[in-house]
Amino acid sequence: MTAKISYDDVEVGMELPAQTFPVSRATLVQYAGASGDFNPIHWNEKFAKEVGLPDVIAHGMFTMAEAIRVVTDWAGDPGAVAEYGVRFTKPVVVPNDETGALIEVSAKVAAKLDDDDRTVRVDLTAMSAGQKVLGMSRAVVRLA
């Protein structure tokens, strides 16, 4: 696969289509099974509260993975992401109800980095319950 977005068609400040990702307790259990991360703060409400958390929280790597989907969906190829990094600023709290939590992600092209490599830097904003859950969330993307 290759990126479907042309470097020549991208301008600094261009906004990528925002997305919202629902997170339920079932989602966290599925992710725990796939990742092997069975830390009880991600599925056991009693334990999470005993260690000072407000409730069960989503895995940081899960949150990070959901956020980058905005970029991979836009680029049309997950392999177009050459670099990706974040700082975990706040947890995504996932209540045990019908709604769960939402991760709202927006992104914009912050810089055109290299005309020869056709790379851009995309800055992402990930929010949940009105709080920024990822800081310094940036991806370098190689475009067509």
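# Strands, helices and salt bridges

Strand β4 and strand β5 (residues 131–142) run antiparallel to each other and pair over eight bridges; strands are DSSP runs of E with at least two residues, helices are DSSP runs of H or I with at least four residues, and both are numbered from the N terminus. Two strands are taken to pair if DSSP finds at least two bridges between them. This is a predicted model, in which local features need pLDDT of at least 70 and side-chain atom pairs count only at pLDDT 80 or more, while totals for chains, interfaces and linings use all residues. Residues are numbered from 1 along each chain as its sequence is written, and side-chain values use heavy atoms, with hydrogens and water left out.

**The strands and their turns**

Between β4 and β5, S128 has Q131 in β5 as its bridge partner, and the two strands form a hairpin with two residues between them. A129 is found in the loop between β4 and β5, and this residue has a positive phi of about 55° although it is not a glycine. A129 is exposed because its relative accessible area is 74%, where exposed means over 50%, buried means under 20% and partly exposed is in between (1.4 Å probe, protein chains only).

On its other pairing, β4 (residues 119–128) joins strand β3 (residues 101–114) in the antiparallel sense over nine bridges. Within this pairing, A107 has L124 in β4 as its bridge partner, and E104 stands opposite M127 in β4. The hairpin formed by β3 and β4 has four residues between the strands. R118 has its place in the loop between these strands, where its phi is positive, about 60°, although R118 is not a glycine. With a relative accessibility of 24%, R118 counts as partly exposed.

Strand β3 also pairs with β1 in the antiparallel sense, over seven bridges, and here V23 has A101 in β3 as its bridge partner.

**Helix α1 and its surroundings**

Which residues of α1 are buried? They are R25, T27, L28 and A32. Seen down the axis of α1, these buried residues fall within an arc of 150°, so they line one face of the helix; the arc is that of the directions from the helix axis to the C-beta atoms. On the other side of α1, Q30 and A34 are exposed. The buried residues of this helix pack against β1 (15–23), α2 (45–50) and α3, with contact meaning heavy atoms within 4.5 Å. The helix is followed by G36, whose phi is positive, near 80°.

V29 also lies in helix α1 (residues 25–35), and its relative accessibility of 48% makes it partly exposed. Together with F38 and W43, V29 makes a nonpolar surface patch of about 330 Å². Patches are made of residues with over 30% relative accessible area and no salt bridge, with nonpolar side chains (Val, Leu, Ile, Met, Phe, Trp, Tyr) joined within 5 Å and like charges within 9 Å; accessible areas come from the Shrake-Rupley method with a 1.4 Å probe, and for residues only the protein chains shown count as cover.

In helix α3 (residues 60–75) lies T72, which is buried with a relative accessible area of 15%. Leaving aside residues up to four places away in sequence, T72 touches D77, P78 and V81.

**Salt bridges**

The structure holds eight salt bridges, each defined as a side-chain nitrogen of Lys or Arg within 4 Å of a carboxyl oxygen of Asp or Glu.

R138 is partly exposed, with a relative accessible area of 35%.

E45 and K49 are separated by about one helical turn because they are four residues apart in helix α2. E45 counts as partly exposed at 28% relative accessibility, and K49 counts as partly exposed at 43%. These two residues belong to a network of salt bridges that also links R25 and D55.

E66 and R69 both lie in helix α3, three residues apart, about one turn of the helix. Is E66 buried or exposed? E66 is buried, with a relative accessible area of 10%, whereas R69 is partly exposed, with a relative accessible area of 35%.
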